[in-house]
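Biologist: Could you walk me through how to read a few features of a model like this one? I would like the general idea, then the case at hand.

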Amino acid sequence: METKGAVLKYTEQTRKTILHLPLGTDVCPSATLSLLRRCHVYLLDKLEEVSVNGCQSGTVFVGATNTLHVQRCEGIVFIAAVRSIIIEDCKDCIFHLCTMTSPLLDGSNVGILLAPYNSFYGTLQTHLELSEISTTLKHNMWNKPVNSSNEKIPVEQSTIVDSTKTMVSIMIPEDFTPFSVPFSTPQLYHTPLITSNPFELPKEYSDSLKKKSQCVSNVRAALSEGDPNSQTFLQKSVEAKFQEWLIESGNINQINDLLSFKR
């Protein structure tokens with residue numbers, strides 16, 4: 001029997017990486033995130049409910065949960081598998097979802113971008129089964145938002161930049177990319193760990209990922225055929241640009257946090 005009632009609380013933190021791993025096979029906690037700034041949160045567990053309030057500029061990864069309630073958030077990328085989700089008074093947020101019911105948009109939202117689920121972690125499949133969340137496309141209502149009167153909200157596809165001009169839109173396939181979870185989960189269950197996104201994707205999004213993968217393969221093949229001096233020069237150039245991007249984007253802080261987790 002699962003033990004409910006435990007509440008994970010994370011509040012008023014800035015530029016932190018927050019990790020929660022399963023407490024045990026018989027524990028199903030809830031979580032509250034509030035007033036987080038530029039934080040990256042990984043809740044890699046089966047959760048009863050999750051509340052996110054007043055957070056800005058970061059990432060929130062939620063394992064399998066019954067209910068996700070997001071209020072007054074801005075500039076957050078959410079990746080979540082849920083039975084239901086409420087989005088209220090949010091601005092410029094991206095939601096990569098698998099949801100068994102239509103996303104409910106309440107209050108004043110602007111710049112909400114909906115997209116298919118794009119990630120995985122080792123025990124996600126087990127958490128989905130325990131939460132009775134289906135991985136089939138026909139059960140995923142990610143692109144069918146409704147308002148508080150349960151009326152369908154018309155949506156169109158949009159780029160990440162243009163989405164800020166509307167209340168809610170759908171991510172174009174060209175902008176769809178996978179998200180890598182930088183942590184492994186403990187094997188607490190008698191089931192195999194998964195190694196890829198378990199959710200069925202719409203064909204246009206699956207095709208987009210295949211094209212990106214092929215482009216990477218083509219670049220690697222081209223580099224392998226070059227002379228050693230050119231390869232060394234290009235590698236150093238890429239590394240220098242990557243270091244520059246890490247510093248300018250602030251993601252160097254997350255790298256430092258991840259290294260501290262490894263120690």
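Modeller: Gladly. Let us begin with a word we will need: buried means under 20% relative accessible area. Keep in mind that this is a predicted model. Cys98, at 0% relative accessibility, therefore counts as buried.

Biologist: What is the relative accessibility of Cys55, and is Cys55 buried or exposed?

Modeller: Cys55 has 1% relative accessibility, so this cysteine counts as buried too.

Biologist: How many disulfides does a search of the whole structure find?

Modeller: The general idea is that a disulfide is a covalent bond between the sulfur atoms of two cysteines. Here the search of the whole structure finds zero disulfides. For Cys55, the nearest cysteine sulfur belongs to Cys73 and is 4.7 Å away. A disulfide needs the two sulfur atoms within 2.5 Å, so Cys55 is in no disulfide. Cys98 is in none either; its nearest cysteine sulfur, that of Cys28, is 17 Å away.

Biologist: Now the aromatic rings, please. How should I read a pair?

Modeller: A pair of aromatic rings is described by the distance of the centres and the angle of the planes. Rings pair if their centres lie within 6.5 Å, and planes over 60 degrees apart count as edge-to-face. By this rule the model has nine aromatic pairs. In one of them, Phe61 and Tyr121, the ring centres are 5.9 Å apart and the planes stand at 70°, so the pair is edge-to-face.

Biologist: Where in the chain do Phe61 and Tyr121 lie?

Modeller: Phe61 belongs to strand β5 (residues 56–71), while Tyr121 sits in the loop between β9 (112–116) and α1 (124–131). The two are 60 residues apart, and the pair links distant parts of the chain. Phe61 is buried, with a relative accessible area of 0%, and Tyr121 counts as buried at 1%. Both also belong to a cluster linked by ring pairs, together with Tyr42, Tyr117, Phe179, Phe183 and Phe199.

Biologist: And the nonpolar cores?

Modeller: In soluble globular proteins, nonpolar side chains tend to be buried together. The largest nonpolar core here has 42 residues, of which Val52, Leu68, Cys73, Phe78 and Phe95 touch the most other members. Strand β6 (74–88) gives this core its largest share, six residues. Phe95 shows how such a member is surrounded: beyond its neighbours within four places in sequence, its contacts include Val70, Phe78, Ile85 and Leu114. There is also a second, separate core of 17 residues, with Met100, Tyr117, Phe183 and Phe199 among them.

Biologist: Which residues of α1 are buried, and what covers them?

Modeller: An α-helix has 3.6 residues a turn, so residues three or four places apart point the same way. In α1, the buried residues are Leu124, Thr126, His127, Leu128 and Ser131. Their cover includes β4 (40–53), β5 and β6. Just after α1, Glu132 takes a positive phi of about 60°.

Biologist: Last one: what does the side chain of Asn140 reach?

Modeller: The side chain of Asn140 reaches the backbone oxygen of Leu97 at 3.4 Å. Asn140 is found in the loop between α1 and β10 (157–158), and at 5% relative accessibility this residue counts as buried. Leaving aside neighbours within four places in sequence, Asn140 is in contact with Leu97, Cys98 and Thr99, which brings us back to the buried cysteine we started from.

Notes:
Residues are numbered from 1 along each chain as its sequence is written. This is a predicted model: local features need pLDDT of at least 70, side-chain atom pairs count only at pLDDT 80 or more; totals for chains, interfaces and linings use all residues. Side-chain values use heavy atoms; hydrogens and water are left out. Rings of Phe, Tyr and Trp (its six-membered ring) pair if their centres lie within 6.5 Å; planes under 30 degrees apart count as stacked, over 60 as edge-to-face and the rest as tilted. Helices (H or I, at least four residues) and strands (E, at least two) are DSSP runs, numbered from the N terminus. Buried means under 20% relative accessible area, exposed over 50%, partly exposed in between (1.4 Å probe, protein chains only). A polar contact is a pair of N or O atoms within 3.5 Å; within protein, one must be able to donate a hydrogen and the other to accept it, and residues adjacent in sequence count only if both atoms are side-chain atoms. Contact means heavy atoms within 4.5 Å. A nonpolar core is a set of buried Ala, Val, Leu, Ile, Met, Phe, Trp, Tyr and Cys residues joined through side-chain atoms within 4.5 Å.
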